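Please work through the following exercises with the sequence and the model side by side, and try each task before you read its solution.

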Amino acid sequence: MDLGWLNVARANALVLFILFCVLVLTNISRARRGGNLFIRRIAGLNAIDEAVGRATELGKKVLYVPGIMSIDENQTIASLAVLGHVARMTARYNTELDVPNKDPLTFAAARETVREAYIQEGRPDLYNEGLVHYVTYDQFAFTASVSGQMVREKPAANFLIGCFYAESLLLAETGQSTGAIQIAGTAEVAQLPFFVCACDYTLIGEELYAAGAYLSRDPAQLGSIKGQDITKAVVGLYIVVATALLVVGSTLLKRILTIE
Amino acid sequence: MRFLKLQLPLLLTALAGLIPIVAFFASPNAVQVQWTKDRLEKYMIIIASFALMLGVINVVQSNVKKIERRQKGWHYGAFLLAGLISMAVVGILGAINVGPFQGIGFRPDGSRTPFQWGAEFVFNPLQATMFSLLAFFMASAAFRAFRARNVEATILLIAAGVVMLGRIPLGESILGGRPYLSHFTDWLMNWPNAAAQRGIIIGAALGAASLSLRVIVGIERSFLGIEKTD
Amino acid sequence: MDRILYWLNVLVRIDRRWIFLLIAAGTVVPIIFPIGFKVSITPAVQALYDKIETLAPDDVVLVSFDYGPSTAPECDPMADAVLRHCFAHGVKVVVLALFPIGGITMADQSLARVLPDYPNVKYGVDYVHLGYKSGGQATMKQMGEDIHNVFPVDRYGKPLGDLPLTQRVHAYRDMKLVVSLATGIIGEWWANLINAQFGIPVACGCTAVSAPKYYAFLQSGQMIGMLGGLKGASEYERLLTSGYPETTRIYGRAGLYTAIKGMDAQTIDHSIILLFIVLGNVAFLLGRRRGSAGPAS
């Protein structure tokens, strides 16, 4: 059934979408008006300082891989937020940074992110075009190149943050064999076990998406995390109630949320 | 300048984010909306193609510099450039049907063009080789990581052992040909594993949705190199 | 006891290259000298097999090659087995590739391996090869409206309107099943997008690494079957040889790589890994009990 421009079959999805937006935007607005928003400790993000500090002390580089997907992937955007923070630290401590890229759009965005970070830190002299470079579009050719870099140049800290697929274990295990401290983060569920086994710290799923807010401590971004958490609580409650109703034979809540 | 560096990108981002959302909720009869969304998808593919050129230029520049300065690992750069140039030349000549480089796939008589030969006998085996390294790395990672250090690690160890045994015929041979281990492995994958994965997927999806909303309304500006909102 | 603990500690501190060497031997030897371990059939694989068995001879199956050369050792046997099943059962097949790097080569090679065993299968009548199209989800969605708009010509440059099979196949509504042989996310797109929007049953053949993710889709009914990794492929080959005895001759051919043969290597490799894990843990626990530091490599 259509109602002019609106697809009524997806009206339930529209209601959920509006509810989600209201929750997130309301909390952003409240956060902007003041108030200390609590966000739990995320070990992987707290370890960034330690990792960059270790690289600085050893006089070795920091290797940052922002995933293999393009800028239209949410994980890549989240990774760029962390890259900005890492780049500011490397600018501050005059530590060498290396950011190899598989995707050309991500390469362009990463280059801008790192350049801006060095400018904001007041060290534009330390920035050069070679810090962020493009390798190749092929997944395993990229992996071979980065693995070779890890073995030859032995970075002290590896950041594997973004969207990874089969190359995750190859990169993580190679990095582990060189003795680097490794911080990984991805929302790819299939790759999480590899990162957990081979890396020192792993950001799991939504921790990666919260990284930008966590590192910047920007009230607006923290407010969105709170809105997201409230939504998750609502979803969790819905699942519990809907499951209980299904057990007694009622499919009402299930049918309400069926989206065509 | 601020308009070009900040406001224009934010405006374009908001539009690029809102159009697919509106198209999702719009009726298929809302032709203009669907047309706009399809156009946007096509434009993104075109932009990505141009960005690929930017990437290739960067690869050539950085590797030529490395070779000129004889930096550490410069011979790898030479090898990369040789591969890049040879396949590019062969591919372009094949695409425009010059001389013996007719096409980039199989010729009508079934023989391989040089591009197809390079793809099939050089590129494909190299890809398969890299992927096969996973087997070795998985063995060393499993050996190092699966230790019963604490309760959680022990549960991980037992689950991994059960699934690894259940995935091979040896698991049945041990139990006298009875497929209990295989069925338990399936149960483990279908129920606890699926439940845990769903939990992570739901959390990650909400995180992605929240990030997307922040990007669309201009609060998240990390991709522009700006950490905080004003 | 001290001697045992000493050697266990040596083993635990072993250079990883020894492990690599043992894995290499465990992979190569069973391929040269096949053992022939028997596999049992899991419900997800049986479901796909049964679905194709229930199809009528004129029904159409869409086989999408969504993987590249890197995962060919796992996905090629699945692709070959599904194609063999369809041809043996008399079901019509439409082949396409959506994976950008090497997908079309995988499709070409799979057809080249399978077709010689089915001389009665005619191009254009029993199967059509659409070729590769970029665009991912956009392409998949547009195929739901009209495949002829997305693929005006087939892999070989022939207009789809000239081929008897594609004259009657215009969209998903004209097909009975989609089988996606996938690495990465494309298999999910088929389930999330195409099954949800167009209702066509979807099955997936995926790498073992991706298989845990797809169980959720099986549970929810978005997928009707799944071939998970080399084991899934070997189970399907087993089903094929039981249901179609003439395929036993094909799978017994020397020099042909099959999942059944690959399972021998997988069995030995898993056993080696499990042995090392057990020995490593024994050393770790004995060492901890004795008060010495648990070694970690």
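**Exercise 1: the fold of chain C**

In chain C, 75% of the contacts (heavy atoms within 4.5 Å) with a separation of 6 or more are made by residues 24 or more positions apart. This is a predicted model, in which local features need pLDDT of at least 70, side-chain atom pairs count only at pLDDT 80 or more, and totals for chains, interfaces and linings use all residues. Residues are numbered from 1 along each chain as its sequence is written, chains are lettered from A and ligands numbered from 1 in the order in which they are written, and side-chain values use heavy atoms, with hydrogens and water left out.

Task: describe chain C by its extent and its burial.

Solution: begin with the C-alpha trace of chain C, which spans about 80 × 40 × 30 Å along its principal axes. Then turn to burial, where 58% of the 297 residues of chain C count as buried, that is, under 20% relative accessible area with a 1.4 Å probe, protein chains only.

**Exercise 2: two domains of chain A**

Solution: first locate domain 1 (2-36 + 219-256) and domain 2 (43-215) in chain A, whose bounds come from an automatic or database domain assignment. The contact takes five residues from domain 1 of chain A and four residues from domain 2 of chain A.

Terms used: Buried < 20%, exposed > 50% of the residue type's maximum accessible area, 1.4 Å probe, protein only.
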